[in-house]
Amino acid sequence: MLIGLFETLRTHRVPVSLREWLDLMAALDRDFAFADPQEFFHLARTTLVKDERHFDRFERAFAAYFDGVAKIDPTLLAQIPEDWLRQSFQRLLSEEEKAKLQALGGLDKLLEEFRKRLEEQKERHAGGSRWIGTGGTSPFGAGGTNPMGMRVGPNGGGRSAVKVWDQRNYRALDGDADLSPRNFKLALRRLRRFAREGAAEEFDLDATIDATAREAMLDVKFRPERHNAIKVLLLLDIGGSMDDHIKVCEALFGAAKAEFKRLEHFYFHNFIYSSVWRNDSLRMSERIATSDLLRRYNADYKVIFVGDAAMAPYEITHVGGGIDDFGGSEEPGEAWFRRIMAHFRKVVWLNPTPRNQWGYTMSNQMIRELVDEHMYPLTPDGLTEATRWLAK
Amino acid sequence: MKFDGTERYVATNELKLAVNAAIALQRPLLIKGEPGTGKTLLAEEIALALDAPLHTWHIKSTTKAHQGLYEYDAVSRLRDSQLGDPRVADVRHYIKRGKLWQAFDEDRRAVLLIDEIDKADLEFPNDLLHELDRMEFHVYETGETVRAKQRPIIVITSNNEKELPDAFLRRCFFHYIAFPDRPTLQRIVDVHYPGIAQDLAARALDMFFELREVPALKKKPSTSELIDWLKLLLADHIPASALAERDPAKAIPPLYGALIKHEQDVQLLERLAFMHRRAGRG
């Protein structure tokens, strides 16, 4: 019964197992949600999905199965908040471009048109002059030539796209993606630093023998358990050129999450500016000021940057050079980076691109200088090197 | 046995469905949601609605799984033996029952709340798999097996501080208490303060939702904070007109202490108010 739904959920990467499926069947058998699609939806969600992070996938899978549109490219279905588009548009377009925009009927018209076509369009599309997709001259899509091309969907040709509209570029890293993080875990294990703190509840044999001998009567001693006391602040570059490295970053993230109890992570885009964000879907509304990071986390946090350090040099040195620095900060990224270097005792930069390519980008050299040459390749070996230094 | 909300707890249809499915299929129900949306309260209300005894197991970072089953106090027994206490002969004197055992031992179907399971060690949920599945466990010291007389209704809450293991999640039903929309919130306010003047409630809700919209708040105010705030407003006889002032310079609501818990958030609001004022002048 409903095996098709089960398969659709699996293809949409909702982690459903047979056990949960049988639970749903049992619930249906007891006449929960009888002949009521709304109830069925909620019942299925409560039995099958165990994490609110998967709600979105589940909803898409559910819709795909029941609307019979299983073939739609999931990247296009992501809802794009309208005010976000609108706001950024106003800021980005030059006067001349705004005038051209009027020719198309104004921003409202464009947005409305965009939604309409998104509805009409039932499959992935490339080329042509109408549909949303890659290439072509339609106002919507990636890599187009229309002056107000709205960028939707993955990869822009030459890697130099300024301001990308692509939601999926920024998807939060799946922390549980268990790709092959075992090597990473082993490398991270070096960072462990055990300390005894908290409640005394572990039997301390030596102290007990000692005390008993002294008192001539049994005197049991306890001590706190050993815990890994290391604290890690992980700052991840996502979006743009990092797309190629998303797998390896997920592996690192998964390993780090399993290894450290006190792991804080934040996202940034290309380089560090006045703010970072923690929840990727809220990156427009819920930013955390970088100065807050400095205040909130003390100097013995180990800071790990993950990024490819490939960008235009002005993104580091110039005020307002940041591709994603909408905060209108009054200082260049460099100033913020130096502040972080000054506050935290140990900072490293992990770079997913191979070491032999580092020489080709100017920004890479600049960043290497900024982190006192503590840039390491994001491989198990590079990580081992990095952790060896962090643990010193 | 069907849970239908109670007089003072407004449950959405989804939540009722989740609770009833979990009861009928005898699965633990895992509840997540923003702090202050009534996760812990849910178990109490289920117990109240079904007239069942409630056992609450608060989890801390030092809590171990076996503490929920039983603890064998070997140290007291050792001491007693040195002092020649006759109770020493029977090991059962030194076995303390945990919350799970107490719930298993009820003649009626009990409600067991495992509160804030994410506070515990990473392995904690895994150590309870068998017990929650079979509703039985073995007492090693006495050789007896404790079985639940009536399978208790188990409600587990989590604040997402740690990931729960897959094997554990698979055994649970899951419900995420979304932040209530305005009509639901209105109902919640009505349930708690039936006498509250309509316009005061409406203005307060307006202000409350506006406050939730402010970006970058460290802690958004949630339902329980709203309830507290209304209590203060009522106690202070603040008239609806005081809330009605649409002057953006007064971005900070009266008696904000109940709504805003972080000093930084207060500063943020003050800064916003200041910017409004400046913009107004320019």
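**Aromatic rings and the charges above them**

In this predicted model, B:R212 sits over the face of B:F179, 3.5 Å from the ring centre; such a contact requires NZ of Lys or CZ of Arg within 6 Å of the ring centre and within 35 degrees of the ring normal. In chain A, A:K346 lies over the face of A:W389, at 5.1 Å from the ring centre. Residues are numbered from 1 along each chain as its sequence is written, with chains lettered from A and ligands numbered from 1 in the order in which they are written. Local features need pLDDT of at least 70 and side-chain atom pairs pLDDT 80 or more, while totals for chains, interfaces and linings use all residues; side-chain values use heavy atoms, leaving out hydrogens and water.

Turning to ring pairs, rings of Phe, Tyr and Trp (its six-membered ring) pair if their centres lie within 6.5 Å, and count as stacked with planes under 30 degrees apart, edge-to-face over 60 and tilted for the rest. This rule gives 26 aromatic pairs over all chains. One of them, A:F271 with A:Y273, is edge-to-face, at 6.3 Å centre to centre and 70° between the planes. A:F271 also forms a stacked pair with A:W349, at 6.3 Å and 25°. Because A:F271 lies in the loop between β6 (262-268) and β7 (275-277) of chain A and A:W349 in strand β10 (residues 346-351), this pair ties together parts that are 78 residues apart in sequence; strands are DSSP runs (E, at least two residues), numbered from the N terminus.

Buried here means under 20% relative accessible area (1.4 Å probe, protein chains only), so A:F271 counts as buried at 1% and A:W349 at 0%. A:Y273 is buried too. Ring pairs link A:F268, A:F271, A:Y273, A:F305, A:F337 and A:W349 into a cluster.

Key. Buried means under 20% relative accessible area, exposed over 50%, partly exposed in between (1.4 Å probe, protein chains only). Helices (H or I, at least four residues) and strands (E, at least two) are DSSP runs, numbered from the N terminus.
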